[in-house]
Each structure stands twice: as structure tokens, then as C-alpha cells.
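Please have the model open while I talk.

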Amino acid sequence: MNVELTDEQKMIQAVARDFAEKEVRPIAEVIDREARFPRETVRRMGELGLMGIAVAEAWGGSGGDTVGYAVALEEVSRACASHGAIMSVNNSLYCDPIAKFGSEEQRRRFLTPFAAGHKLGCFSLTEPEAGSDATNQSTLARRDGDAYVLDGRKIFVTNGREAAAALVFAQTDRAKGPRGISAFLVEKGTPGFTVVKTEDKLGIRASDTAEFLFEGCRVPASARLGEEGQGFKIAMMAIDGGRIGVAAQAVGIAAAAYEAALGYARERKSFGVPIGRHQMVQWMLADMATAIEAARLLTLRAASLKDGAEPFGPQAAMAKLFASEMAMRVTTDAVQVHGGYGFIKEYQVERHFRDAKITQIYEGTSQIQKLVIARHLLSGAAAGS
Ligand code: COS
């Protein structure tokens with residue numbers, strides 16, 4: 001594996017860093033406080049080519065790769081984790097499966113404007129009784145002539161309120177279990193599809209997390225993505241890629257907290273010297289920097305496997321597991337380095353600490369990542385393969 005970024009990857013990283021520092025960081029605190037979706041800067045992410053980084057230019061994307069996506073997402077998340085979540089869902093969970101499984105017509109309508117950032121997409125798998133147990137879908141899609149009729153409730157949909165279309169999973173044949181789940185592209189405004197509520201959250205507060213209700217929602221058969229019964233595999237493949245994105249978000253959040261702690265350790269004095277001169281603070285800083293570097297390398301390794309069209313699911317799970325646990329530890333220690341000031345809202349580490357938590361939960365909890373990794377190991381594959 002080459003650990004050097006290519007010129008193209010460096011370029012997208014620089015674009016993302018410049019945008020994040022100049023346009024996102026200045027608003028991060030206020031949009032978090034007000035739980036306000038940042039429409040203007042999300043539009044700018046589209047203009048800069050950040051909403052469909054690995055999508056081909058012919059389909060509205062930037063024609064980049066997963067490594068470029070991961071480094072850009074780290075930069076955006078370092079400034080604001082909410083922007084990172086919005087960007088990640090549109091790139092990995094919405095655009096990627098449509099690029100892979102969509103027909104020509106579906107790509108034209110449901111991919112091009114979304115990869116170009118003119119419209120926002122979302123991914124709707126989770127239900128009240130189907131979180132980690134994602135195969136336990138209750139939402140039904142009943143075939144009716146040349147249409148399907150969707151009925152059910154979906155929760156925790158990132159981008160759900162703002163999105164123009166949703167990739168929705170539903171049972172087309174309950175008797176077949178996971179092989180009876182299919183995927184559908186459903187536009188907002190389709191009768192019978194309503195956003196019933198948005199959540200008030202601990203972290204990533206400026207991103208929108210919605211609940212959907214489908215009541216007799218009729219979509220044409222041409223709205224089905226992939227074959228009937230292929231939906232669960234489409235969902236799992238999308239989430240495998242999404243986990244690289246969550247790992248990159250976690251690295252970005254941790255890096256922001258670490259940089260704040262490092263700066264504070266240089267300035268804040270106790271016992272007559274900057275606290276960075278105390279070994280116990282040095283210990284924390286050294287552990288933070290090392291763990292961030294390790295998580296970043298795991299993330300880029302999973303991304304480069306995906307780019308090489310090699311199996312990458314277990315590596316994505318390892319990267320997501322390690323990076324999210326690391327982000328929680330690093331942000332906790334960053335608050336600790338700040339002492340009482342870390343606990344108040346004036347200092348940014350409090351926000352990073354709250355934002356880190358979701359990375360251990362969404363797109364598969366840490367416990368699910370361990371299950372995915374262990375199943376892979378027990379199937380006889382070598383740990384590093
Ligand atoms: N890629 C492709 N196919 C996959 C897959 C993957 N990564 N993981 C599972 N599948 C397939 C399996 O091969 C199986 O298909 P076949 O019956 O044709 O062989 C089918 O999906 C069901 O898989 P499995 O039997 O492993 O299902 P389980 O219920 O035992 O476990 C887990 C599935 C727990 C791994 C899955 O439900 C999961 O990842 N849960 C977490 C969901 C999640 O991340 N939710 C967040 C939503 S996005 S915010």
C-alpha cells in the first residue's frame with residue numbers, strides 16, 4: 001500500500017481544508033447551538049465537488065476515488081461533524097449504490113443532480129424494530145401491477161427532512177427473510193410519503209435526522225433499485241463503504257479535539273509552567289496523536305482496498321470500530337486537558353466530545369463491527385486480508 005497521496009487526492013484534500021477552515025469552522029458553533037441545517041454551506045460543498053467525490057464526472061460527480069473522499073471528509077469533519085455526516089450520507093450511502101446498481105434512467109434522474117450537489121439524498125433502512133438487526137424489516141412494498149405500494153415507518157434518517165429523494169428498503173417477500181428485501185428510490189412529494197418528525201440530538205446537531213411514514217405510497221416498478229430481493233445486499237454493500245466515511249469523520253473529530261488540547265497545553269499554566277510541561281498531560285497528548293495516526297492509516301487502507309476493487313468490508317469495519325472508539329477516547333481526554341473549561345460551551349472540545357459519540361453508533365454500532373470482523377476471521381480469512 002502506498003501511503004503517499006496522489007496529486008489529485010492532495011488537491012481534493014486542499015480544497016476541502018480551505019473550504020472547511022474559511023466557511024465551515026466559523027459557523028460550526030452557532031449551527032450546533034441552534035440545531036440549524038447549514039443549507040448554504042451544503043450548497044457550497046456541491047459547488048466544490050464534495051458531494052459525489054468518487055462518482056464519475058459523466059454522472060455529476062468529481063471522478064475521484066475513495067481515498068480522496070476519505071481525506072476530504074476528514075477535513076470537513078475536523079471543522080464540523082454535522083457537515084461531515086451530511087456529506088458522508090450523500091456520497092456513500094446514497095450516490096454510491098445508485099452508481100453501482102442504478103439503470104441508465106435511474107442514474108440520470110437520481111444520481112446526477114445529487115452527485116453534483118444540486119439535490120440531497122438519504123438512506124432509509126432503520127426502523128423502530130430494525131436497528132442492529134437490520135434484516136428485521138417491517139416496511140412492506142406490495143407489488144400492484146406496474147407499481148409497488150409502500151407501507152411502514154422508518155427512523156433515524158440522516159438528511160431525511162432536507163433530502164429530495166430517499167433510498168428506501170422494504171420487504172417485497174417476507175417469507176424469504178433478508179432475500180425478500182428490495183430497494184426503492186422514492187422522491188419527496190410522492191403521495192403517502194411524509195416526514196413525521198425530526199430528532200433533537202446530543203451531537204451532530206446541525207445535521208437533520210428524520211422519521212418517515214409510508215402510507216399507501218405508490219411508486220412505479222421502475223423505482224426499484226436492482227433486482228427484487230437484492231435490497232439487503234445493496235444496503236450492506238453501501239454501509240460497508242459508509243463505514244469508511246464514518247471512520248474518516250471520527251478521525252476528523254478527534255484531530256480537532258487533539259489540536260485544541262495541544263494549543264491549550266501550550267498556553268494554560270499550572271504550578272508555574274505551561275501544563276504541556278507536565279508529564280501526565282504529555283502522556284495524554286502522545287496517546288492522542290498516536291491513536292489518530294493509527295486510525296487514519298486503517299481508514300486509508302480500507303479506502304485503498306475499495307479503490308482497488310478488492311474485498312474491503314472487514315477492513316472498513318476495523319477502521320470504523322477503531323476510529324470511533326479512538327474518537328471517543330481522544331475527545332474525552334481533550335476535555336480532561338482543558339479541565340473545567342473543557343466542560344463549558346465556550347470551548348470547542350465540548351462539541352467534539354458530543355459529536356464523537358454517534359460514530360460508535362451509526363452505520364453499525366461498535367458491537368456490530370466486532371461481529372462483522374469476528375465472522376470474517378472465523379470464516380477462515382487471515383486477519384489482514
Ligand atoms: N455485503 C454483501 N452482502 C452481505 C453483507 C455485506 N457486507 N453482509 C451480509 N450480507 C448478506 C449475506 O450474505 C446474506 O445473504 P445470503 O442469505 O444471500 O447469503 C444476507 O446479507 C443476510 O446476512 P446475515 O445472514 O449475515 O444477516 P444477519 O442478520 O445475521 O447479520 C448484520 C447482518 C448484523 C451484519 C447486519 O444486519 C448489520 O450490519 N447490521 C447493522 C446495520 C447497520 O449498520 N445499521 C445502520 C443503518 S445505516 S445509519
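Across the interface of domain 1 and domain 2, the rule finds nine residue pairs in polar contact, both residues at pLDDT 80 or more, where a polar contact is a pair of N or O atoms within 3.5 Å, one able to donate a hydrogen and the other to accept it, and residues adjacent in sequence count only if both atoms are side-chain atoms. This is a predicted model, in which local features need pLDDT of at least 70 and side-chain atom pairs count only at pLDDT 80 or more, while totals for chains, interfaces and linings use all residues. Residues are numbered from 1 along each chain as its sequence is written, and side-chain values use heavy atoms, with hydrogens and water left out.

The rule also finds two salt bridges across this interface, taking a side-chain nitrogen of Lys or Arg within 4 Å of a carboxyl oxygen of Asp or Glu. Arg-109 forms a salt bridge with Glu-187, with 2.6 Å between the closest N and O atoms.

As for the helices (DSSP runs of H or I, at least four residues, numbered from the N terminus), α1 (7–34), α4 (81–101) and α5 (104–115) each supply at least two residues of the side of domain 1 that touches domain 2, and α4 gives the most, with 11 residues.

Between domain 1 and domain 2 about 2000 Å² is buried, 64% of it from carbon and sulfur atoms; buried area here is the accessible area (1.4 Å probe) that two parts lose on being put together, summed over both. In domain 1, Gln-106, Phe-110 and Leu-120 lose the most area to domain 2, together 25% of what that side buries.
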